[in-house]
Amino acid sequence: MNRSENDRPPPMVLAFFRWFCSPDFREDLEGDLLERFHNRRTTLGVRKAKWLFAADVLLLFRPGIIRDLNSLTHHKFYTMKRSGWIKLVAMSVLLIAGIISPFLPGPPNRFVIGLSVFGQSAGFFGLLLVPIGIIWAVVEIRNLKSRNVENPNWRQAYSIAIIATAIILAIIGLAVIQLKAGFLGPLLILIGIIWPIVEIRNLRNRNGENPNWRTAYSLAIIATVIIVAIYLLLLVAVFIQGEFVNGSLALVLGALALKKAIAGIKKLRDPSMWQFNSTPFYLLAIPLIAYFTRIYIMEPLSNYSRSMAIERSQVLIAAIEEFKNKEGQYPESIQDLEAGYLKKIPSPLIMGILNFRYHKINDNFSLSFSQWLELGSLEEIVLYDKDNLKNKLTGQFAKYDYSFDLCRVKGAFASYDTGHGYWRYYWVD
Amino acid sequence: MSQYHLGEFEEVVLLTVAILYGEAYGVAIIDEMEKRLNRNVSIGALQTVLRRLEKKGLLTSAFGEATKIRGGKRKRYFTVTEYGQEVLDETKEQRLALWNAIPEVALK
């Protein structure tokens with residue numbers, strides 16, 4: 001780095017200032033910042049001047065100076081600039097984090113279970129949006145090419161869009177293989193029918209500002225209707241489970257998102273407003289990422305969270321046995337252990353596992369916990385019971401035989417050995 | 001009588017703009033305040049007050065010249081409006097009235 005470059009204010013800080021500052025004040029404020037930096041550089045040195053420049057910029061981040069908050073956070077429905085791609089990646093990462101959060105270490109939290117269910121739903125029902133996303137993306141890419149005079153960066157955007165589409169199509173191919181084409185087959189046929197129709201329409205309308213606006217407009221409406229239907233179904237499920245606070249919060253957030261989406265869709269009706277639209281890439285990427293997370297990451301993570309919770313229970317089991325040795329019988333509830341056996345009942349320390357459940361059964365006891373695996377419909381109950389017939393089953397994943405299992409869990413359709421002593425897990429739908 | 005009551009920092013900013021008559025732009029105001037009052041002033045705090053005073057009609061502003069050290073960005077010069085002068089006068093009279101009302105023995 002040469003000296004003149006080093007003598008400039010930190011470019012990232014300056015870029016941050018230009019991003020948040022209201023356009024009304026940007027010129028004179030930037031001038032003041034640069035003049036102050038120049039003065040300080042002379043009197044205090046470059047290093048200190050840079051720190052103070054950053055401090056000045058941070059102190060300018062306040063109401064009255066920052067531009068309209070909505071425009072700072074507004075999702076650019078019409079453009080797909082570099083920030084659009086970054087947002088897409090960030091949303092994907094958040095989606096994955098939401099799906100896997102119940103299986104990660106942390107204090108028990110009912111909210112993360114709901115979050116995971118929503119995320120997984122995007123990967124299940126959201127696949128319906130994939131064909132819409134493909135068609136829409138094609139429409140947008142075609143528009144990019146035909147409007148190259150007005151967009152000097154069209155070649156760059158065009159290349160990125162094609163690469164992104166190729167990657168997403170490759171992922172779809174993997175999904176087809178994974179599902180043995182059973183589920184996605186009909187959807188691909190649907191694409192095969194709609195795509196030529198779009199092409200023919202484009203051939204017919206070549207003179208307008210944006211010949212494809214009607215297609216994008218229709219696809220946006222269809223996608224919104226599908227998303228709203230899925231969202232409402234999930235909300236009903238949340239309310240049925242008695243989660244009124246989370247349900248109400250989700251309802252309000254959903255209503256706000258819908259309002260914003262409708263405003264965006266309305267603008268699509270104006271052909272002169274056209275700029276490259278990022279929405280189809282969201283429709284493609286989000287469901288596919290959620291789908292693959294559910295398929296490939298859930299199992300190893302649920303194994304991990306199960307083992308962690310079992311390990312955390314060892315102290316509790318030891319205390320229960322100690323109680324039995326001293327008192328001659330098992331405790332009526334685990335709270336009895338707090339009278340001299342345990343300072344505090346341990347928590348499973350997995351966010352999606354709320355607590356350990358204890359039952360005294362004659363001269364025995366069972367300890368269990370549960371975690372939700374799929375879409376809030378598959379519950380895994382992990383049970384410690386000395387009556388478990390672990391040793392009479394062969395192999396770690398021996399076929400479940402209800403008659404062999406003395407610890408019959410109501411509603412279970414499968415049972416597996418955990419590999420941890422008397423612990424087994426049961427799947428209940 | 002004016003309806004607007006100046007805060008302490010607002011009063012200092014308004015007075016400094018008046019002192020710098022014709023030469024009051026962001027950096028000059030900060031330098032003047034730091035020199036006279038021996039206190040650090042951030043651009044953020046100053047700009048917030050300047051915008052508020054301008055919005056209330058106590059100050060007015062106009063773009064001036066651009067310089068090289070400012071990266072070619074123009075200065076925004078502030079001047080006190082007639083209403084600003086009225087508010088300053090009132091504030092001064094109120095302060096003086098308060099000082100005059102203090103009994104001699106109270107602040108020995």
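Two residues are in contact if their C-beta atoms, placed from the backbone, lie within 7 Å. The model is predicted: local features need pLDDT of at least 70, side-chain atom pairs count only at pLDDT 80 or more, and totals for chains, interfaces and linings use all residues. Residues are numbered from 1 along each chain as its sequence is written, with chains lettered from A in the order in which they are written.

**View 1. The side of chain B that touches chain A.** Here 16 residues of chain B are in contact with 18 residues of chain A. Helix H2 (26-37), helix H3 (43-55) and strand S2 (74-80) of chain B each supply at least two residues of this side (helices, H or I, of at least four residues and strands, E, of at least two are DSSP runs, numbered from the N terminus). The largest share, 6 residues, comes from H3(B).

View 2. Strands S4 (residues 412-417) and S5 (residues 423-428) of chain A pair in the antiparallel sense over 5 bridges; pairing requires at least two DSSP bridges between two strands. A:Trp427 in S5(A) is the bridge partner of A:Ala414. Between the two strands lie 5 residues, and A:Gly419 in the turn has a positive phi of about 85 degrees.

**View 3. The largest nonpolar core.** A nonpolar core is a set of buried Ala, Val, Leu, Ile, Met, Phe, Trp, Tyr and Cys residues joined through C-beta atoms within 7 Å, buried meaning that 20 or more other C-beta atoms lie within 10 Å of a residue's own, with C-beta atoms placed from the backbone. This core has 55 residues, and A:Leu284 and A:Val382 are among those with the most contacts inside it. H13(A) gives the most to this core, with 17 residues.

How values were computed. Buried ≥ 20, exposed ≤ 12 C-beta atoms within 10 Å, placed from the backbone.
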